Amino acid sequence: MAKARSTYRCAECGSEGPQWTGRCAGCGAWNTIVEERTAPAPAGRTVSTPSRALPIGDVESEGWEPRPVGLGELDRVLGGGLVAGSVTLVGGEPGIGKSTLLLQALAAMARRGTTCLLACAEESAQQVRMRGARLGALEPNLWLVAETDLSAILAHAGELRPDVLVVDSIQTVFDPDLASAPGSVGQVRECAHRLVRAAKDANRATVLVGHVTKEGALAGPRVLEHVVDTVLSFEGERHHALRLLRAVKHRFGPTSELGLFEMTDDGLVGVPDPGRLFLADRQAFAPGSVVVPTLEGHRPLVVEMQALVAKSPLNMPRRSVQGLDPGRLAMVTAVLETRLKVVLTGADIYALAVGGVKVVEPGADLAIALALVSSVTQTALPADMVACGEIGLCGELRQVGQTGRRLAEAARLGFRRAVVPASAPAPPAGFEVLRASTLVEALALAGLHLGTKPVGFPRAIPA
Ligand code: TYD
Ligand code: MG
């Protein structure tokens, strides 16, 4: 009999090698290579069900319509709902709320008469029931099994014939027939393959939960991305209630939609109008606060950016950034120093996007620059003003995509004017645009006057 053989595979990207290495040659990640033992395929394998080639127009297209889940924000991201026979992976850090989201989704579907099976491989059935009671999820059509053996889960699914199967999580189920250890990449990948095959055979929508850890300690769901139809990513800051759901890959719809939820004591609540959430506690006349109409995929979000610039007692002044790209902050401060003589080398800078949202697009550059200068000069911007635009290295302002949608959302939330790049399109009716081709012009239009002398905080101890 042929012997089982060892291969070494990266837990992040899935690339294979003949020996263990400290760093993956495929993706460059460190300490992600794990041993995998595979039994050889039996000899003399034949194709059991031969496939048939058809003219493309004759291929069956029925049954690929999404079926709404009943949670508005989830349906928005899925492009309408779950498709029968499709496999969706929901990834996110532990504790972010994946199990809560899926329990609520299954309850919503069960309420509409869909038979759902939740295979729970992490928590006991009692634990899930207790959580379900709190979330109002005790629906007769929602079935529950606490099981880690994949064959048993598939047997239960074969018996119950649910329309939707959720496996929570793919890292904790295992196939005892495989030589590799539970949780290893080989197990995760093989289990996912079996679930995908079963989903297609039974035409059953299947959702897999996958933990992503920063350290990559568990097999990362990235090895699964190729296998499934849809990958959703559930994100958020642990200390904020806001949760963002995005489609990273979607074979049945766009990947540009964003779903927003708030984690409450009664579970996740959809946030259909995020404007009020982000601006709720805003101090309109505070120096260092600038509102930016940003875009997350296709969804406009009007977010407050804040900067606090203070004289630093440190040799290496502090740069504290939350919800922004530190690289873009560094670029904006460099442009302010070199082109506008706003000296920040001796200043601590705190900059953040309010509300637990991440604003990393270049369109937020102008708002960051205005917030910094507003803090340095202790001058507030007008309360009804927003700003968006990308800053070039020469201090010029560049157009950002979909300005119209951004400004329409700002107008809806009560803002009346915007500082924008000179080439920006016409604004919505009743909304004023202040066009600037450079950062210098933009500062003047926002009422921030620098004068001719350098301002800011030079280094106390010359370098
Ligand atoms: P959970 O869904 O278990 O996260 P994951 O499956 O991604 O690991 O959610 C965990 C957190 O959510 C937990 O810290 C408690 C919080 N939570 C609430 O705040 N409200 C609720 O109604 C529920 C069910 C959970
Ligand atoms: Mg969980």
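Predicted model: local features only at pLDDT ≥ 70, side-chain atom pairs only at ≥ 80, totals over all residues.
**Exercise 1. Work out which residues come nearest to ligand 1, and which polar atoms meet its oxygen atoms.**

Solution. Start with the shell.
- Ligand 1 has 16 residues around it; Gly95, Lys98, Ser99, Thr100 and Thr264 come nearest.
- By class, the shell holds 4 nonpolar, 6 polar and 6 charged residues.

Now take the contacts one by one.
- Lys98 uses a backbone N or O atom, 2.8 Å from a ligand oxygen.
- Ser99 places a polar side-chain atom 2.7 Å from an oxygen of ligand 1.
- Thr100 has a side-chain N or O atom 2.6 Å from an oxygen of ligand 1.

Then look at the cover. Ligand 1 alone exposes 560 Å², and the protein buries 73% of that. Last, locate the shell: helix 2 (98-111), helix 3 (125-135) and strand 11 (258-264) each give two or more residues.

**Exercise 2. Identify the buried residues of helix 9 and the strands they pack against.**

Solution. Helix 9 spans residues 403-412. Buried here means under 20% relative accessible area. Thr403, Arg406, Leu407, Glu409, Ala410 and Ala411 are the buried residues. They pack against strand 13 (289-296), strand 14 (299-311), strand 18 (385-387), strand 21 (417-421) and strand 22 (432-436). Finish just past the helix: Gly414 has a positive phi of about 100°.

Key
Residues numbered from 1 in each chain as written. Chains lettered and ligands numbered in written order. Heavy atoms only, no water. Near = heavy atom within 4 Å. Polar contact = N/O pair within 3.5 Å; in protein donor to acceptor, adjacent residues only side chain to side chain. Areas by Shrake-Rupley, 256 points an atom, 1.4 Å probe, with all protein chains shown as cover. Helix = DSSP H or I, 4+ residues; strand = E, 2+ residues; numbered from the N terminus. Nonpolar A, V, L, I, M, F, W, Y, C, P; charged D, E, K, R; others polar. Buried < 20%, exposed > 50% of the residue type's maximum accessible area, 1.4 Å probe, protein only. Contact = heavy atoms within 4.5 Å.
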